[in-house]
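Subject: Structure for your files

Hello,

Here is the structure I said I would pass on. My notes on it follow below.

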Amino acid sequence: MLKDLFRKTQYATVSKMAFTKLEEVKPNIPSGMWSKCESCGSILYTEDLNSNLHVCNRCNFHFRIGAKERIRQFCDKDTFNELFKEIKTQNPLNFKGYEEKIKSYKESSGNDEAVVVGICKLNGLKIALGVMDSYFMMGSMGTVVGEKITRLVEYATKNKLPLIIFTTSGGARMQEGIFSLMQMAKISAALAKHSEKGLLYITVLTNPTTGGVTASFAMEGDITLSEPSALIGFAGRRVIENTIKEKLPNDFQKAEFLLKKGFIDDIVHRKELKKKIYIILSLHGVIEDE
């Protein structure tokens, strides 16, 4: 019995190979397989989200999408013909680091600038189309953005085409200063000539549409549509509250608030947008291109 008191306890040993094997059988989940909804926080299977036009199937939150994806969703297949791609961004104020930033956004977004313009067909109807891209410097409006949109408007006027522009922007591009702000008047002047010819101009406001874009061509459409819950405004919420010394409503600058106040004509779900605009074009006498 005394010997038993000093006897060493035998412990089970575990081989390191066991842990190695456990690590080997861990599930390998590919990056990007799941996405989180910015509104309701739901975890969504990315493939399902893509097939649902990047709209949350739980709360109908509309995710931001790039210009290329918007064109793919909206235009008839293989009908989009990009125009004015040769216009390149310069650095008129010699703003430090601007060229490097432009190069970086070109690589990350796959676009040359914050807007893509061209001609396409919508259920057989020929239209002039401009699509802004919030993934390129937050869709900020510089000289090239203004020039491309102006030339698109002039092309639509010359060829008697209806014009549709999808807007999304953080406002004027600070790296180009006054040159950026001048684009507001330039585009508005071209739109006035388009209107004088009796041609239709439809704007679709997407999240977010703010600053100088809102103060010019975004709100100048003959018909102004918006996606649900899009942020639309000129100055920021805090700036306005500090200026007027009042607390603004919780839904201030949301599409639903603007619709209630008469600033926009309708809010359209992304799935219904193509059908809705086709009906509007047909009612305004736009016929299929022969």
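Which residue forms a salt bridge with Glu113, and how far apart are the closest N and O atoms? The partner is Arg173, at 2.7 Å. A salt bridge here is a side-chain nitrogen of Lys or Arg within 4 Å of a carboxyl oxygen of Asp or Glu. The pair links distant parts of the chain, 60 residues apart: Glu113 is in the loop between helix H5 (98-109) and strand E4 (115-122), and Arg173 is in the loop between strand E6 (163-169) and helix H7 (177-196). Both residues are buried, where buried means under 20% relative accessible area, exposed means over 50%, and partly exposed is in between (1.4 Å probe, protein chains only). Helices (H or I, at least four residues) and strands (E, at least two) are DSSP runs, numbered from the N terminus.

Before the rest, a word on the source. This is a predicted model, in which local features need pLDDT of at least 70 and side-chain atom pairs count only at pLDDT 80 or more, while totals for chains, interfaces and linings use all residues. Residues are numbered from 1 along each chain as its sequence is written, and side-chain values use heavy atoms, with hydrogens and water left out.

Salt bridges

The structure holds eleven salt bridges. One of them joins Arg72 to Glu69, with the closest N and O atoms 2.7 Å apart. These two are three residues apart in helix H4 (residues 67-74), and so are separated by about one helical turn. Arg72 is exposed, at a relative accessible area of 52%.

Glu147 and Arg151 also meet through their side chains in a salt bridge, at 2.8 Å from N to O. Both lie in helix H6 (residues 143-158), four residues apart, about one turn of the helix. Glu147 is partly exposed, with a relative accessible area of 23%, and Arg151 is partly exposed at 30%. The two belong to a network of salt bridges that links Glu86, Glu147, Arg151 and Lys186.

Nonpolar cores

A nonpolar core is a set of buried Ala, Val, Leu, Ile, Met, Phe, Trp, Tyr and Cys residues joined through side-chain atoms within 4.5 Å. In the largest, which has 41 residues, Val145, Ile149, Leu163, Leu191 and Phe217 touch the most other members. Two or more residues of this core come from each of H5, E4, strand E5 (125-132), H6, E6, H7, strand E7 (201-209) and helix H10 (255-260). H6 gives the most, with six residues. Neighbours within four places in sequence aside, Ile149 is in contact (heavy atoms within 4.5 Å) with Val115, Ile165, Ile187 and Phe217. Another core of 24 residues lies apart from it, and its members include Ile127, Val131, Ile164 and Ile280.

Strands

Two strands pair if DSSP finds at least two bridges between them. E6 and E7 pair in the parallel sense over six bridges, and the bridge partner of Ile164 in E7 is Ile202. Eight of the nine residues of E7 are buried, so E7 is largely enclosed by the rest of the structure.

Aromatic rings

Rings of Phe, Tyr and Trp (its six-membered ring) pair if their centres lie within 6.5 Å; planes under 30 degrees apart count as stacked, over 60 as edge-to-face and the rest as tilted. A search of the whole structure finds five aromatic pairs. Among them is the edge-to-face pair of Phe74 and Phe166, at 5.0 Å centre to centre with 75 degrees between the planes. Because Phe74 lies in helix H4 and Phe166 in strand E6, the pair ties together parts that are 92 residues apart in sequence. Phe74 is buried at 4% relative accessible area, and Phe166 is buried at 1%.

The rings of Tyr105 and Phe136 have centres 5.7 Å apart and planes at 40 degrees, so this pair is tilted. It links distant parts of the chain, 31 residues apart, with Tyr105 in helix H5 and Phe136 in the loop between E5 and H6. Tyr105 is partly exposed, at 29% relative accessibility, whereas Phe136 is buried, at 0%.

Lastly, the charged end of Arg64 sits over the ring of Tyr135, 4.7 Å from its centre. That label requires NZ of Lys or CZ of Arg within 6 Å of the ring centre and within 35 degrees of the ring normal.

Regards
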